[in-house]
Amino acid sequence: MAEAERMIGTPDTPDAAGAGPEQSGERPRSDSAAATVEAPAEASGVAQAVSGAAEGRGKRRILVLFAVAAVAYALDLASKLIVVAKLEHHAPVQVIGDWLRLEVIRNAGAAFSIGEAFTVIFTLIAATVIVVIIRLARKLYSLPWAIALGMLLGGALGNLTDRIFRAPSLFKGAVVDFISPKHFAVFNLGDSAIVCGGILIVLLSFLGRDPDGTVHKD
């Protein structure tokens, strides 16, 4: 009987009923091996999450830039329309005695009426500045830089609108200036936005803050 069972191969014990993984020649996957397979997938997911967060932050900064630019441009344009309609060809309006008054002046040149014969060149320079700011916006991840560039963009657009559409001719228009402090040049709200944006950019550069959001120290 024992000889018959030996020839048939019927197991007498549970150990004989099935061979373990070692006996069958198969090695079970260890926990460390499974973790090694899952690690790249987890790292890829983290990288995608970080990239998505950075992209979302960049889009918000771009929205801030164009929102600030739109406000600066709207204020500049509205103020010029009002003063041209109400104050041009009239006596200056005293705001703070002799220290500050409103007086409409057509400026065909740059600041301080310099270079009035080169209005077309100033128009091209303003257009170039606007294009540079728009291109830089694609790499913008800093909120202060977004505000500064927005003020620059809004002010430049305001003055560029004057140079393109105002008298005496297309692309040779004179910029409307009307804010006249004592012992200082006459300017407009667009000029103020440009100056404030420039000062903020200088300050950010001094602090080592870059448009991409990084901070460096010399």
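The model contains 5 salt bridges, where a salt bridge is a side-chain nitrogen of Lys or Arg within 4 Å of a carboxyl oxygen of Asp or Glu. The structure is a predicted model, in which local features need pLDDT of at least 70 and side-chain atom pairs count only at pLDDT 80 or more, while totals for chains, interfaces and linings use all residues. Residues are numbered from 1 along each chain as its sequence is written, and side-chain values use heavy atoms, with hydrogens and water left out.

**Salt bridges**

Side chains of opposite charge can pair when their charged atoms come close.

Lysine 80 and aspartate 76 are separated by about one helical turn, because they lie 4 residues apart in helix 4 (residues 31–86). Helices (H or I, at least four residues) and strands (E, at least two) are DSSP runs, numbered from the N terminus. Lysine 80 has a relative accessible area of 0% and is therefore buried. Aspartate 76 also has 0% relative accessibility, so it counts as buried. On this scale, buried means under 20% relative accessible area, exposed over 50%, and partly exposed in between (1.4 Å probe, protein chains only). Both residues belong to a network of salt bridges that links Asp76, Lys80, Asp162 and Arg166.

Arginine 106 is partly exposed at 33% relative accessibility, whereas glutamate 88 is buried at 15%.

**Surface patch and aromatic pair**

A nonpolar surface patch is formed by Val93, Val95, Ile96 and Trp99, whose accessible area together is about 400 Å². Patches are made of residues with over 30% relative accessible area and no salt bridge; like charges are joined within 9 Å and nonpolar side chains (Val, Leu, Ile, Met, Phe, Trp, Tyr) within 5 Å. Accessible areas come from the Shrake-Rupley method with a 1.4 Å probe, and for residues only the protein chains shown count as cover. Isoleucine 96 of this patch is part of strand 1 (residues 93–96).

The structure has 1 aromatic pair. Phenylalanine 184 and phenylalanine 187 make up this edge-to-face pair, with 6.2 Å centre to centre and 85 degrees between the planes. Rings of Phe, Tyr and Trp (its six-membered ring) pair if their centres lie within 6.5 Å; planes under 30 degrees apart count as stacked, over 60 as edge-to-face and the rest as tilted. Phenylalanine 184 is exposed, at 54% relative accessibility.

**Aspartate 212**

Aspartate 212 is found in the segment after helix 7 (189–206) and is partly exposed at 39% relative accessibility. Its C-alpha atom is 5.0 Å from that of leucine 140, 72 residues apart along the chain. Leaving aside neighbours within four places in sequence, aspartate 212 is in contact (heavy atoms within 4.5 Å) with Lys139 and Tyr141.

**Confidence**

The chain has a mean pLDDT (the predictor's confidence in each residue, from 0 to 100) of 80, and 70% of its residues reach 70 or more. Over residues 1–14 the pLDDT stays under 50, and the model has 4 contacts beyond four places in sequence for them. Residues 16–26 also have pLDDT below 50, with 6 contacts beyond near neighbours in sequence.
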